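Please examine the structure shown here. The questions and answers that follow set its values against the definitions in use.

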Amino acid sequence: MSSSPRLKTNEERVAGLEQRLSFSFDDKALALRAITHKSFCNEHKELPLEDNERLEYLGDAVVDLAIGHRLMERFPKADEGELSKLRALIVNEECLGRIGRALGLGEVLLLGRGEELTGGRDKTSIIADALEAAVGALYLCAGMGAVMPFVDRVFAEALDGVAEGRQGQDYKSLLQEEGQSLFKTSPRYRVVGETGPDHEKIFEVEVSIGAEVFARSTGRSKKEAEQAAARDTLHLLAQRNGQTPTPQP
């Protein structure tokens with residue numbers, strides 16, 4: 001939990017949210033709503049404040065859309081089932097809570113006294129909900145044009161994780177097992193091309209088993225390209241064997 005000084009006024013809280021999102025809200029009341037927990041409203045019924053649950057509902061759908069969009073770009077050969085499973089590895093309470101905690105959203109929340117005393121500022125569920133509410137507010141204020149850069153920034157590690165096999169299925173490990181089982185040898189990976197500027201390089205990797213080249217695939221890092229090549233090879237081997245080509249994430 002952050003040891004930053006506790007924010008006192010609503011204006012400070014909104015400014016803190018804007019700093020964390022790298023976005024300035026024209027509608028400050030909308031921004032305040034995004035960080036107002038229902039426990040605060042329940043304890044302060046005399047104040048004209050709304051809690052963030054409706055924004056959380058909207059933000060949940062917006063995050064699903066944004067992450068779904070990026071996964072379709074990164075996994076052009078993945079089917080609907082694979083994409084859904086990959087998205088579930090990213091859009092879940094634990095991951096959202098971790099990202100919200102890294103942003104320091106707990107520090108700007110308006111919480112009721114009960115939640116304050118029981119550590120609500122560091123509760124994963126509350127922080128995850130606040131992140132979704134913040135995305136909902138961002139969407140209402142500026143649309144997907146503001147949401148996508150934010151998602152690209154804060155979900156970058158999670159997206160890289162599923163692409164490189166650090167979360168979910170490790171396609172390279174699966175192909176290692178399949179290669180030994182079918183061919184009695186291990187797959188070999190070779191970088192065959194690099195394109196783009198240094199900060200946005202795309203790597204092309206070739207995978208072979210024995211003398212046969214099975215796939216050439218691309219990724220934003222060598223690990224990501226290797227995972228993609230392994231996944232594509234598993235699909236090809238499954239098709240050859242008359243199986244459903246869906247090594248699941």
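Q: Which residues make up the lining of the largest cavity?
A: The lining of the largest cavity consists of Arg-74, Phe-75, Ala-163, Tyr-171, Thr-218, Glu-224, Gln-227, Ala-228 and Arg-231. A lining residue has an atom within 4 Å of a cavity point, where a cavity is a set of points on a 1 Å grid over the protein atoms alone at which a 1.4 Å probe fits but cannot get out. The model is predicted: local features need pLDDT of at least 70, side-chain atom pairs count only at pLDDT 80 or more, and totals for chains, interfaces and linings use all residues. Residues are numbered from 1 along each chain as its sequence is written, and side-chain values use heavy atoms, with hydrogens and water left out.

Q: What is the volume of the largest cavity, and how many cavities of 30 Å³ or more does the search find?
A: The volume is about 60 Å³, counted as the space filled by probe spheres set on the points, which are joined across faces, edges and corners. The search of the whole structure finds one cavity of 30 Å³ or more.

Q: Which helix gives the most to the lining of the largest cavity, and how do its residues divide into nonpolar, polar and charged?
A: Helix 12 (residues 222–240) gives the most, with four residues. Helices are DSSP runs of H or I of at least four residues, and strands are runs of E of at least two, both numbered from the N terminus. The lining as a whole divides into four nonpolar, two polar and three charged residues. In this division Ala, Val, Leu, Ile, Met, Phe, Trp, Tyr, Cys and Pro are nonpolar, Asp, Glu, Lys and Arg are charged, and the others, Gly among them, are polar.

Q: Why is Arg-231 said to lie over the face of Tyr-171?
A: A charge sits over a ring if NZ of Lys or CZ of Arg is within 6 Å of the ring centre and within 35 degrees of the ring normal. Arg-231 lies over the face of Tyr-171 at 5.9 Å from the ring centre. Lys-172 likewise lies over the face of Tyr-189, at 4.8 Å from the ring centre.

Q: Why is the contact of Glu-18 and Lys-28 called a salt bridge?
A: A salt bridge requires a side-chain nitrogen of Lys or Arg within 4 Å of a carboxyl oxygen of Asp or Glu. The N to O distance for Glu-18 and Lys-28 is 2.5 Å, and their side chains therefore meet in a salt bridge. Glu-18 lies in helix 1 (residues 10–21) and Lys-28 in helix 2 (residues 28–34), so the pair ties together parts that are 10 residues apart in sequence.

Q: What makes Glu-18 buried and Lys-28 partly exposed?
A: Buried means under 20% relative accessible area, exposed over 50%, and partly exposed in between (1.4 Å probe, protein chains only). Glu-18 has 14% and is buried, whereas Lys-28 has 39% and is partly exposed.

Q: Where do the partners of the salt bridge between Glu-107 and Arg-20 lie?
A: The side chains of Glu-107 and Arg-20 meet at 2.5 Å, N to O. Glu-107 is in the loop between helix 6 (93–103) and helix 7 (113–117) and Arg-20 is in helix 1, 87 residues apart, and the pair thus links distant parts of the chain. Both Glu-107 and Arg-20 are buried.

Q: What does the salt bridge of Glu-206 and Arg-190 tie together?
A: The side chains of Glu-206 and Arg-190 meet at 3.1 Å, N to O. Glu-206 lies in strand 2 (residues 202–209) and Arg-190 in strand 1 (residues 188–195), so the pair ties together parts that are 16 residues apart in sequence. Glu-206 is buried at 10% relative accessibility, while Arg-190 is partly exposed at 48%.

Q: How many aromatic pairs does the search find, and why is the pair of Phe-23 and Phe-25 called edge-to-face?
A: The search of the whole structure finds two aromatic pairs. The ring centres of Phe-23 and Phe-25 are 5.0 Å apart and their planes are at 85°, so the pair is edge-to-face. Rings of Phe, Tyr and Trp (its six-membered ring) pair if their centres lie within 6.5 Å; planes under 30 degrees apart count as stacked, over 60 as edge-to-face and the rest as tilted. Phe-25 counts as buried, at 1% relative accessibility.

How values were computed
1 Å grid on protein atoms, 1.4 Å probe; cavity = no way out; pocket = protein on both sides within 12 Å on 5 of 7 lines; lining within 4 Å.
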